[in-house]
Amino acid sequence: MAIVMNEVERELGGLQARMETVEQELHAIRGDVREIRDALVGAKSGWMVLVVVLSVAATLGGLLGRYAHVMTGPQP
């Protein structure tokens, strides 16, 4: 009976060590996923800012081209 208990205790110890390793790896993966998510959110907002800036620049360029003759005054 003592031999069986020792084997069970040894197996439980091994399983506990493996479980601790899995938990550590899970925590590391969780941190990596957070970093990836933060990078994606940053890239998404960066694209939005770029689109807004380009839209404003295109609108101003179009308006300037359309009304350039008004701003420069009459030509002789």
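**Exercise 1.** What does the accessible surface of the chain come to, and what share of it belongs to carbon and sulfur atoms?

*Solution.* This is a predicted model, in which local features need pLDDT of at least 70 and side-chain atom pairs count only at pLDDT 80 or more, while totals for chains, interfaces and linings use all residues. Residues are numbered from 1 along each chain as its sequence is written, and side-chain values use heavy atoms, with hydrogens and water left out. By the Shrake-Rupley method with a 1.4 Å probe, the accessible surface comes to about 7100 Å², of which 68% belongs to carbon and sulfur atoms. Of the 76 residues, 0% count as buried, where buried means under 20% relative accessible area, exposed over 50%, and partly exposed in between.

**Exercise 2.** Determine which residues form the nonpolar patch on the surface, and where they lie.

*Solution.* Patch members have over 30% relative accessible area and no salt bridge, nonpolar side chains (Val, Leu, Ile, Met, Phe, Trp, Tyr) being joined within 5 Å. Val52, Val56, Leu60, Leu63, Leu64, Tyr67, Val70 and Met71 form this patch, with about 800 Å² of accessible area together. Helices are DSSP runs (H or I) of at least four residues; H1 (2–66) and H2 (68–72) each supply at least two patch residues, and the largest share, 5 residues, comes from H1. Val56 has its place in H1 and is partly exposed at 45%.

**Exercise 3.** Identify the salt bridge, defined as a side-chain nitrogen of Lys or Arg within 4 Å of a carboxyl oxygen of Asp or Glu.

*Solution.* The count comes to 1: Arg37 pairs with Asp38, their closest N and O atoms being 3.2 Å apart. Arg37 is partly exposed at 46% relative accessible area, and Asp38 is partly exposed at 47%.

Terms used: Patch = residues over 30% accessible without salt bridge, like charges linked within 9 Å, V, L, I, M, F, W, Y side chains within 5 Å. Buried < 20%, exposed > 50% of the residue type's maximum accessible area, 1.4 Å probe, protein only.
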